[in-house]
Amino acid sequence: MAGPTPYMALAFILFVIGATGLLTRRDALIMFMSVELMLNAVNLTFVAAGRAIGNFTGQISVFFVLVVAAAEVVVGLAIIVAVFQKRNSASVDELSEMKG
């Protein structure tokens, strides 16, 4: 069985792809998916580190990250869908005009 290094490298690549998508794209839905990709990269790191150490703390941490991600999806998608229905666009540049 391979050590944690290949999993950490994969997690790094996934995190960089997610960070690049978050910083370069202006569509709220794409930014949302990029955050999810970054969270899953962190989950992969937790699981690989937990397996390398030999205990279940990584898996327990992943459970809490998944709960936070699920709550984020529920609230975030509801907001994005509501904004898209009003404006027919999910661009964050247009959303910044909604400041009071």
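## Two helices side by side

Helix H2 (residues 28–53) and helix H3 (residues 57–87) have axes that come within 9 Å of each other and cross at roughly 175°. Here the axes are lines fitted to C-alpha atoms, for helices over the stretch in contact, with angles running from 0 to 180 degrees between N-to-C directions. H2 and H3 are therefore roughly antiparallel to each other, given that angles over 145 degrees count as roughly antiparallel, under 35 as roughly parallel, 65 to 115 as roughly perpendicular and the rest as oblique.

From H2, the contact is made by Ala28, Leu29, Phe32, Val35, Glu36, Leu39, Asn43, Phe46, Val47 and Gly50, and from H3 by Gly58, Gln59, Ser61, Val62, Val65, Leu66, Ala69, Glu72, Val73, Gly76, Leu77 and Ile80; contact means heavy atoms within 4.5 Å. By class, the contact of H2 with H3 has 14 nonpolar, six polar and two charged residues, where Ala, Val, Leu, Ile, Met, Phe, Trp, Tyr, Cys and Pro count as nonpolar, Asp, Glu, Lys and Arg as charged, and the others, Gly among them, as polar.

## What kind of model this is

This is a predicted model, in which local features need pLDDT of at least 70 and side-chain atom pairs count only at pLDDT 80 or more, while totals for chains, interfaces and linings use all residues. Residues are numbered from 1 along each chain as its sequence is written, and side-chain values use heavy atoms, with hydrogens and water left out.

The mean pLDDT of the protein is 89, and 97% of its residues reach 70 or more; pLDDT is the predictor's confidence in each residue, from 0 to 100. Confidence is highest in helix H1 (residues 5–24), at a mean of 95, and lowest in helix H4 (residues 92–95), at 77. Where pLDDT is low, the predicted coordinates should not be read in detail.

## Overall build

Helices (H or I, at least four residues) and strands (E, at least two) are DSSP runs, numbered from the N terminus.

The protein has a radius of gyration of 17 Å, whereas a compact globule of 100 residues would have one near 13 Å; the radius is taken over C-alpha atoms, and the globule rule is 2.2 Å times the number of residues to the power 0.38. Taken along the principal axes, the C-alpha atoms fill a box of roughly 50 × 25 × 20 Å. Among contacts between residues at least 6 apart in sequence, 56% join residues at least 24 apart. Buried residues make up 24% of the 100 residues, with buried meaning under 20% relative accessible area, exposed over 50%, and partly exposed in between (1.4 Å probe, protein chains only).

## Residues within H2

Ser34 has its place in helix H2 and is buried, with a relative accessible area of 8%. Leaving aside neighbours within four places in sequence, Ser34 is in contact with Gly18, Gly21 and Leu22. Ala41 also lies in H2 and is buried, at a relative accessible area of 1%. With neighbours within four places again left aside, Ala41 is in contact with Ala11, Leu14 and Phe15, and its C-alpha atom is separated by 18 Å from that of Phe56, 15 residues apart along the chain.

Val47, another residue of H2, counts as partly exposed at 32% relative accessibility. Apart from neighbours within four places in sequence, Val47 is in contact with Gln59 and Val62. The C-alpha atoms of Val47 and Ala82, 35 residues apart along the chain, are separated by 35 Å.

Ile60 is found in helix H3 and is partly exposed, with a relative accessible area of 47%. Ile60 and Leu22 are 38 residues apart in sequence and 27 Å apart in space, C-alpha to C-alpha.

The loop between H3 and H4 holds Asn88, which counts as exposed at 62% relative accessibility. Most residues other than glycine have a negative phi. The phi of Asn88, however, is near 55°, a positive value in a residue other than glycine. Ser91 is found in the loop between H3 and H4 and counts as buried, at 17% relative accessibility; not counting residues up to four places away in sequence, Ser91 touches Arg26 and Asp27.
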